[in-house]
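User: I am new to this structure and would like to learn how to read a few of its features. Could we go through them one at a time?

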Amino acid sequence: MIATVTLNAAVDKTYYVSGFTAGAVQRVRRQIAEPGGKGNNVAKIVRLLGGEAVATGFSAGGAGAFIEQRLTAKGIRTSFVRVSGESRTCLNIVDETSGASTELLEEGPTVGEAELAEIKDAVGRLGAQASVVVMSGSLPAGAPAGLYAELVDIARSAGARVYLDASGEALALGIQAKPDLIKPNEEELARLAGCRRMDASQLAQTVANLHGQGVRQVCATLGRQGAVACVDGRLYRVIAPSVSAVSAVGCGDAFVAGMAYADEMGLPAADRLRMAAAAAGAAAMTDRAGELDPVVYERLLVRVAVLSL
């Protein structure tokens, strides 16, 4: 079983309009509402790949109830910590005429010491049941920047392997706890290295350096360019197949889900990376984060190239 931790869960709502104009009345031609937040997206992809998933994190109000109900309907067990307030809604307005996207992201509820104690208990409990615990996304208001580092230690002490997909200070502090995987994108990797841009050799060196700090799997995702990874002491270049992408939202979460599920199955490093890249590619061909067509995934799986560097 794979457990996911989403500390700032959301309802991801997408409005499709024709000719979006600020300050004007708009007619929504089509709308989608899904349980969101990066960890929840991971749980959804794990289920679509055939794995068992349980989702925890914070949920609040009617939006939180919607998130839990929709995850349950997708076959994902939920074990959220209920808090006061309202889980956030992340609104994406897509102009079908121009293809432009406008996002409005709510902040979400604030958590305190009692709620933080409860989530630590939940992570410890699930860490004792799961093979992999995946922690993803932003921290809620009121949470300390070092929370992920604490949760990594808790889940590992319970016996699970721990994946961390965060950014900024939360990621930098989390790395100090030596999670089993991190998945920075190119921008996040450059920030960790203290620079603005990187060439190919710098990417590989930075990935290797992070691995040397005790992170077993460092996967730097590069969008259409695939990924550079250092796994169990070896450097890899992952070349993703070209796809007709519909949306890049959630592709990184699909990559993490593929790595986690392959890790649970005990597959070797190259096969883990191959599954992750195929899942990300298939996810890019849908208009919903946390979704993929398993048939498309299987077709892409044989087209991913994983090269040793």
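User: Which residues in H1 meet which residues in H8?

Analyst: A word on the source comes before the case: this is a predicted model, in which local features need pLDDT of at least 70 and side-chain atom pairs count only at pLDDT 80 or more, while totals for chains, interfaces and linings use all residues. Residues are numbered from 1 along each chain as its sequence is written, and side-chain values use heavy atoms, with hydrogens and water left out. Contact means heavy atoms within 4.5 Å, and helices (H or I, at least four residues) and strands (E, at least two) are DSSP runs numbered from the N terminus. Here Lys-38, Asn-41, Val-42, Ile-45, Val-46 and Leu-49 of H1 meet Asp-253, Ala-254, Val-256, Ala-257, Gly-258 and Tyr-261 of H8. The residues of this contact divide into eight nonpolar, two polar and two charged, where Ala, Val, Leu, Ile, Met, Phe, Trp, Tyr, Cys and Pro count as nonpolar, Asp, Glu, Lys and Arg as charged, and the others, Gly among them, as polar.

User: At what angle do the axes of helix H1 and helix H8 cross?

Analyst: Two packed helices are described by the angle between their axes and the distance between the axes. The axes of H1 (residues 38–49) and H8 (residues 251–264) cross at roughly 55 degrees and come within 8 Å, axes being lines fitted to C-alpha atoms, for helices over the stretch in contact, with angles from 0 to 180 degrees between N-to-C directions. That makes H1 oblique to H8, since angles under 35 degrees count as roughly parallel, over 145 as roughly antiparallel, 65 to 115 as roughly perpendicular and the rest as oblique.

User: How many salt bridges does a search of the whole structure find?

Analyst: A salt bridge is a side-chain nitrogen of Lys or Arg within 4 Å of a carboxyl oxygen of Asp or Glu, and the search finds 19 of them. One of these joins Glu-96 to Arg-29, with the closest N and O atoms 3.1 Å apart. Glu-96 lies in the loop between strands S7 (88–95) and S8 (101–105) and Arg-29 in the loop between strands S2 (10–17) and S3 (30–36), so the pair ties together parts 67 residues apart in sequence.

User: Is Arg-29 buried or exposed?

Analyst: Buried means under 20% relative accessible area, exposed over 50%, and partly exposed in between (1.4 Å probe, protein chains only). Arg-29, with a relative accessible area of 60%, is exposed, whereas Glu-96, at 40%, is partly exposed.
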